[in-house]
Amino acid sequence: MNIWQPEAGETLLSRTLVSFATGAATPVRGMRWFRDTERADIQHELPGWPEGPTFTPRSTGASLTRNFGKGSAIALGGIFMAALSAAGGNISSGSGSQSGSDTPDDPADEVKDFPVVWAAPGTVARTLPWQLDPARSSEKHYRTHAIVTDRRLVIVGFPYSKRNDKLINDEVLWEIPRSLISRVEPKPFKDGTDVKVVFSDDSWCRLRAVPDVKFTRYLLHPLALVPWSALAPAQQSTVEQFVATSDDPNPGTPFVTRRPCGHYRVELLSPSEVDSFFGLSENPLLMDAEGNEVELKDFHPDDF
């Protein structure tokens with residue numbers, strides 16, 4: 001096993017399954033495109049990318065031939081539903097809704113067209129790895145995870161086998177410092193698991209993250225890590241008790257963030273315990289300024 005680990009002094013915040021998103025509206029269902037700022041197809045310009053299959057969009061009067069992995073949306077949807085059933089149906093999106101929204105945020109990019117890479121020449125989005133594309137890398141045999149730390153965003157990939165889904169052999173495919181990420185935007189249209197990542201040069205990508213809240217939690221708002229010395233004695237005591245009573249035999253070092261709701265999220269991750277679908281399991285605690293535990297169910301996922 002070769003599981004990706006952070007560098008000394010680097011805080012690992014989350015790890016979750018990601019891929020390029022897939023269109024859900026009828027004209028673009030099961031489709032995705034790679035565009036420049038003039039909406040021209042650029043996938044043949046992306047260095048090292050293997051050839052992808054072609055298709056004709058369902059929109060009336062369209063005549064462009066575009067690339068798409070037939071059946072990839074169905075395959076990913078089947079994987080997601082199976083895992084959701086195994087988890088008892090408790091996966092929620094960053095918007096707090098498992099069903100998403102029937103109203104597109106941007107019809108031009110969600111109904112008429114469905115770009116998952118939008119990039120002028122020389123921009124960050126053109127450097128993304130082709131393994132994120134289900135049309136070129138089947139989730140049945142290969143998985144890609146996004147890893148978020150206090151320093152960077154990393155994409156890793158590893159061969160997948162249903163017979164041994166706990167065997168992780170990470171390969172670093174791509175990474176950028178957090179400073180190159182301008183913002184992330186949850187995109188709730190249809191499934192509610194898509195996330196748009198906008199880079200500092202205005203290029204962007206649209207990813208499907210499962211669940212999306214794990215991907216966005218430490219990217220959606222400015223990161224507010226709270227050092228141990230800044231915690232009140234009562235808060236320190238709460239954290240120590242939380243770690244002491246954890247069922248995890250190999251707990252990592254807890255980290256604390258100040259959430260937009262004003263409370264403090266304590267996270268305990270096991271960096272060596274990675275699931276091929278869910279990534280790193282979360283073991284969180286929410287507390288107030290006095291160190292009192294707060295019921296997680298009382299808060300919106302975006303705030304928590």
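## Pairing around strand S5

Strand S2 (residues 33-35) pairs with strand S5 (residues 115-118) in the parallel sense, over three bridges. Strands here are DSSP runs of E of at least two residues, and helices are DSSP runs of H or I of at least four residues, numbered from the N terminus. Two strands are taken to pair if DSSP finds at least two bridges between them. Opposite Trp 118 of S5 stands Arg 35. S5 is also joined by two bridges to strand S11 (residues 204-210), and these two strands run antiparallel. In S11, Trp 204 is the bridge partner of Trp 118.

## Basis of the model

The structure is a predicted model, in which local features need pLDDT of at least 70 and side-chain atom pairs count only at pLDDT 80 or more, whereas totals for chains, interfaces and linings use all residues. Residues are numbered from 1 along each chain as its sequence is written, and side-chain values use heavy atoms, with hydrogens and water left out.

## Overall composition

The protein has four helices and 16 strands. Of its 304 residues, 49% are buried; buried means under 20% relative accessible area, exposed over 50%, and partly exposed in between, with a 1.4 Å probe and protein chains only. Among contacts (heavy atoms within 4.5 Å) between residues at least 6 apart in sequence, 62% join residues at least 24 apart.

## The sheet S12-S13-S16

Three strands form an open sheet in the order S12-S13-S16, with antiparallel pairing. S12 and S16 stand at the edges with a single partner strand each, so one side of each has no neighbour in the sheet. Neighbouring strands of this sheet are turned by 25 degrees against each other on average, direction ignored. S13 and S16 are joined by four bridges, and Arg 265 has Leu 286 in S16 as its bridge partner.

Helix H4 comprises twelve residues (233-244), which at 1.5 Å a residue should span 16 Å; its end C-alpha atoms are 16 Å apart, which agrees. The expected span is 1.5 Å times one less than the number of residues. Gln 235, Thr 238, Val 239 and Phe 242 are buried in H4. Seen down the helix axis, the buried residues of H4 fall within an arc of 95 degrees, so they line one face; the arc is that of the directions from the helix axis to the C-beta atoms. The face turned away from this buried side carries the exposed residues Pro 233 and Ala 244.

The buried residues of H4 pack against strands S12 (255-258), S13 (264-267) and S16 (284-287). H4 lies across these strands and runs at about 160 degrees to S16. Axes are lines fitted to C-alpha atoms, for helices over the stretch in contact, and angles run from 0 to 180 degrees between N-to-C directions.

## Glu 267 in strand S13

Glu 267 lies in strand S13 and counts as buried, at 0% relative accessibility. Its side chain makes polar contacts with the side chains of Tyr 218, at 2.9 Å, and Arg 265, at 2.7 Å. A polar contact is a pair of N or O atoms within 3.5 Å; within protein, one must be able to donate a hydrogen and the other to accept it, and residues adjacent in sequence count only if both atoms are side-chain atoms. Leaving aside neighbours within four places in sequence, the residues in contact with Glu 267 include Thr 253, Phe 255 and Glu 282.
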